[in-house]
Amino acid sequence: MQNGYEEIILGMQQNPLQHEWYGMLGRYYMEQGKNNLAYLCYEQAIHFCNEPKEQQVLQEGLELAAGQPDFDVNPVSIVILAQDDVSILREALHSIQEQESGTSYDVVVVYQPSHSQVYDWANDFEGVKVVCCDGRKESFADGINTGIKYAGIYNDVYLMSTDAILLPNTLFWLRMCLYERRTVGAAGGISNAGDKRQRFEPPCQTLEEYLAASEIINIPDEFAHENRLWLDAFSLLIKRSALDRVGLLETDQTCWYSCIDYGMKLAGAGCEAVMCYNSFIWRRSTESIPYDPDDFGRLEDRWGFSVPYYFASRLDIVEKIHHEQQEEIWVLEVGCGCGTTLSAIRCQYPNAHVYGIELMEHVAAYGKFMADILVGDIETMEIPYEKKMFDYIIFADVLEHLRRPEQVLERMKHFLKPDGTILASIPNLMNIEIIINLLKGNFTYRDAGLLDRTHIHLFTLREIQRMLQDTGYVVKTVKKNDHREGFLENSPENRRMIEALLQIEGIADWKEFDAYQYLVEAGVNI
């Protein structure tokens, strides 16, 4: 790249606390006309610099960036919903003071009425605004909304868990992500706790070890960003323009519901939510955010479809992409939902071109920033792609929903490169739980799972292999894909039934009773 960019990035990766690299990156972004990013880099360089003369030079660069017509970086209000343990809150506040420049942020601590001791202590903490939660139920959303109301009216808002410790560059890389594009409305980080998709657990035991680990995590990384539909609130930065457009969180709901619902509102307002794998924060807790089983139904009633189902990323599918990370690849997913699997592929393969086809228009609308998604019925629509265009065509739990899956496979074969791969996950009709219920006289369809009421076709392993072979494919690999791995060991009834069935002459292999579904790789039979 121009002007030594690669050298700068390498230097920052090796010395992430050295101010010279941030100053150099600021100058690079100024030359590129990216004044918001330049400003943030200069600000971080000043924070790390202890030499007055160099600070003055960096300050001049910062003021030059701030004086450009397109400059619109906001300060940050850090909102913390306090618990009753003031010692934990004290550590969180000290970490903020240590890691952040005094001119770039303010802090709002929200306490619940039952935790009045927080006010008695935190009100004397310099530079911290302490307010009581407005809500009567002391809910997560009420507390966060109170903090947002008391934040600076022109400030971005950073939601930080009270049990968290801010580490070097945690907030910096979130801000760099937030201002990378005008369409980014929220940026979230990773931690050693929380939702599994935002969890990263380095082999650390002490805070000192986590501090050291942050210097190899919170660094420039071209694979750091992934568009998501929702982000956990333990380390979440929301742009002021997005807040003004979307408003506050829904109250009287669980934390899990509030986070997902807010992500949907951001997407509906045309704002990207981006996951930053290079922004790590340490937390004392190791628990995921709580939810109520009824949240699934509430979300479906509110948004018109099963939100958790359509925004789930199939990482098992992503793992089947066998190209090198820097290679240019072309990927199509049929039945892509909101496009989250394609977004995960694009994150790991920055030169990937990702496309999707989705039947439900109101679902596809939320995938605007995930991939190039067409709305249509794959069985009847005109397919506009070039022949032999794709390295991978994905059918993740789709073929069983089609009226004529064989015709679709035959048709899509022409859009696959000669050395391309079909990736499909298909439920297994021979799963032992289905067999046991069938032998008891039950074959009950449900809203989800192996006997999803929307399944039109049912498959065994041999029928999957036969279908692919008959439509001109060669099966490369078949992997048993268990959503409930290890359930046989925990079910004596299942184990005894399989042992009894295996006594029948010519019966299938026991693994065919164990599989929940199959993950299949197939290529064109040339």
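Predicted model: local features only at pLDDT ≥ 70, side-chain atom pairs only at ≥ 80, totals over all residues.

Are D163 and R283 buried or exposed? Both D163 and R283 are buried, where buried means under 20% relative accessible area, exposed over 50%, and partly exposed in between, with a 1.4 Å probe and protein chains only.

Residues are numbered from 1 along each chain as its sequence is written, and side-chain values use heavy atoms, with hydrogens and water left out.

Let me begin with the salt bridges. Side chains of opposite charge can pair when their charged atoms come close. The term here requires a side-chain nitrogen of Lys or Arg within 4 Å of a carboxyl oxygen of Asp or Glu. The structure holds 23 such salt bridges.

D163 and R283 form one of them, with their closest N and O atoms 3.1 Å apart. This pair links distant parts of the chain: D163 sits in the loop between β4 (156-160) and β5 (164-165), R283 belongs to strand β9 (residues 272-283), and 120 residues separate the two. Helices (H or I, at least four residues) and strands (E, at least two) are DSSP runs, numbered from the N terminus.

Next, please find R182, whose salt bridge with D72 brings the closest N and O atoms to 2.9 Å. Here too distant parts of the chain are linked, from the loop between α8 and β6 (184-191), which holds R182, to the loop between α4 (52-66) and β1 (76-81), which holds D72, 110 residues apart. R182 counts as exposed because its relative accessibility is 61%. D72, at 30%, is therefore partly exposed.

A further salt bridge joins the side chains of R403 and E379, at 4.0 Å from N to O. R403 lies in the loop between β13 (390-396) and α17 (405-412), and E379 in the loop between β12 (372-375) and β13; the pair links distant parts of the chain, 24 residues apart. With a relative accessible area of 44%, R403 is partly exposed.

I turn now to helix packing. Two packed helices are described by the angle between their axes and the distance between the axes. The axes are lines fitted to C-alpha atoms, for helices over the stretch in contact, and angles run from 0 to 180 degrees between N-to-C directions.

How do helix α11 (residues 255-268) and helix α12 (residues 295-303) cross? Their axes come within 10 Å and cross at roughly 20°. The two helices are therefore roughly parallel to each other; angles under 35 degrees count as roughly parallel, over 145 as roughly antiparallel, 65 to 115 as roughly perpendicular and the rest as oblique. On the α11 side the contact is made by W256, Y257, I260, D261, M264 and K265, and on the α12 side by D295, F296, R298, L299, R302 and W303, where contact means heavy atoms within 4.5 Å. D261, K265 and R302 are also linked with E250 in a network of salt bridges.

By way of contrast, consider helix α3 (residues 35-48) and helix α8 (residues 170-178), which pack at an angle of about 170° with their axes 9 Å apart. α3 and α8 are therefore roughly antiparallel to each other. L37, L40, C41, E43 and Q44 of α3 make the contact with F172, R175 and M176 of α8.

Finally, some individual residues. T162 is buried, at a relative accessible area of 8%.

N145 lies in helix α7 (residues 140-150) and is buried at 5%. Not counting residues up to four places away in sequence, N145 touches L248, L249 and T251.

Two backbone angles also deserve a look. N169, in the loop between β5 and α8, has a phi near 75°, a positive value in a residue other than glycine. N169 is buried, with a relative accessible area of 2%. D397, found in the loop between β13 and α17, has a positive phi near 60°, and D397 is buried at 17%.
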